[in-house]
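Me: I'd like to talk through a structure with you. Could you start with how a pair of its helices cross?

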Amino acid sequence: MADQNLIEFGLHLKQLRIARGLSQEQLGLIAELDRTYISGIERGVRNVSLVNIYRIAKALGLSVATLFPSKENQ
């Protein structure tokens, strides 16, 4: 059973990625992560590491804090 926090993080990441016009593969290439890893994060089945959160934030040109969904944004 997937953790609700992982699901919310993944959905938020997906929204940010799509807003930048990037595919999972493109984001993976920029962040030096496999596309299937990005997919797993977005589906809430991967517990992404802190190192990879920083990689993804840098690849999207965002702060790390922006990757975390805010209750105010929901």
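Reply: This is a predicted model, and in it H2 passes H3 in a right-handed crossing.

Me: At what angle do H2 and H3 pack, and how far apart are their axes?

Reply: Helix H2, which covers residues 24-31, packs against helix H3, residues 35-42, at an angle of about 115°, and their axes are 8 Å apart. Since angles of 65 to 115 degrees count as roughly perpendicular, that makes H2 roughly perpendicular to H3.

Me: Which residues in H2 and H3 meet?

Reply: From H2 the residues are Gln24, Glu25, Leu27 and Gly28, and in H3 they meet Arg35, Ile38, Ser39 and Glu42. Sorted by class, the contact of H2 with H3 has two nonpolar residues, together with three polar and three charged ones.

Me: OK, zooming out, how many helices and strands are there in the protein?

Reply: The protein has five helices and zero strands, so that, read along the sequence, its pattern is α-α-α-α-α.

Me: What percentage of the residues is buried?

Reply: Buried residues account for 39% of the 74 residues in the protein.

Me: Last one: among contacts between residues at least 6 apart in sequence, what percentage join residues at least 24 apart?

Reply: Of those contacts, 57% join residues that are at least 24 apart in sequence.

Key
Residues numbered from 1 in each chain as written. Predicted model: local features only at pLDDT ≥ 70, side-chain atom pairs only at ≥ 80, totals over all residues. Heavy atoms only, no water. Axes fitted to C-alpha atoms, helices over the stretch in contact; angles between N-to-C directions. Helix = DSSP H or I, 4+ residues; strand = E, 2+ residues; numbered from the N terminus. Parallel < 35°, antiparallel > 145°, perpendicular 65-115°, else oblique. Left-handed = near helix turned anticlockwise from the far one by under 90°. Contact = heavy atoms within 4.5 Å. Nonpolar A, V, L, I, M, F, W, Y, C, P; charged D, E, K, R; others polar. Buried < 20%, exposed > 50% of the residue type's maximum accessible area, 1.4 Å probe, protein only.
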